[in-house]
Amino acid sequence: MENFIIRKVEISDNEALARLIRDTFIEHQAPKEGTVYSDPTTANLYGLFRKEGSVLWVGEVGGIIAGCCGIYPTEGLPAHFAELVKFYLLPIARGKGLGKALMDQSIISAKEMGYQNLYLESLPEFSKAVNMYKKMGFELLERPLGNSGHSSCTLWMVRSLDDSPEALNE
């Protein structure tokens, strides 16, 4: 994708990010209850990502917020684990490199913060994202880790942040 920028979340992004996330759920007919769609923190992502050990990256194209992805120290995860969270893209931004750039930046951030593994939760409705996670080295788990509160998620994945080329799967 031409001329996108990636930056940290700003307070003025809250409304656009909440709309992007909720519109993605509607587009894919994904469950609204027990997911980030109905999570009250979705309306204030800037505030949520003030927590130590977290970061939310925002992708802009032509001054329009076109995607996001971040790292969050979800309660109840094993030691040295963080959750890859809030990976969403506008339809016009998909398949053009912005998603991979946002995920790469999030992985770099997780390593810099000292995490050794990344965990994520998803839904079958987001099959294209799940395929991307697999390409990025995430492997399916049989059950959830931590206490995200997103009880409707039925896919759980984990990835080591080992620096070996095999682990990066690129």
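Lys86 is located in strand 4, which covers residues 81-89, where helices (H or I, at least four residues) and strands (E, at least two) are DSSP runs numbered from the N terminus. The model is a predicted one, in which local features need pLDDT of at least 70 and side-chain atom pairs count only at pLDDT 80 or more, while totals for chains, interfaces and linings use all residues. Residues are numbered from 1 along each chain as its sequence is written, and side-chain values use heavy atoms, with hydrogens and water left out.

Lys86 has a phi near 55°, a positive value in a residue other than glycine. A positive phi, of about 50°, also occurs at Gln29, which is not a glycine; Gln29 lies in the loop between helix 1 (14-27) and helix 2 (45-48). The table sets out the two residues, with buried meaning under 20% relative accessible area, exposed over 50% and partly exposed in between (1.4 Å probe, protein chains only).

| Residue | Phi | Relative accessible area |
|---|---|---|
| Gln29 | about 50° | 68%, exposed |
| Lys86 | near 55° | 10%, buried |

The protein chain contains 5 helices and 7 strands, and from the N terminus on these elements follow the order β-α-α-β-β-β-α-β-α-β-β-α. Its radius of gyration is 15 Å, close to the 15 Å that the globule rule gives for 170 residues, so the chain is as compact as a globular protein of that length; the radius is taken over C-alpha atoms, and the rule is 2.2 Å times the number of residues to the power 0.38. Along the principal axes, the C-alpha atoms fill a box of roughly 35 × 35 × 30 Å.

Of the 170 residues, 48% count as buried. Among contacts (heavy atoms within 4.5 Å) with a separation of 6 or more, 67% are between residues 24 or more positions apart. The chain exposes about 8700 Å², of which carbon and sulfur atoms supply 51%, the areas coming from the Shrake-Rupley method with a 1.4 Å probe.

Confidence is expressed as pLDDT, the predictor's confidence in each residue, from 0 to 100. The chain averages a pLDDT of 92, and 94% of the residues score at least 70. Over residues 165-170, however, pLDDT stays under 50, and for this stretch the model has 15 contacts beyond four places in sequence. Where pLDDT is low, the predicted coordinates should not be read in detail.
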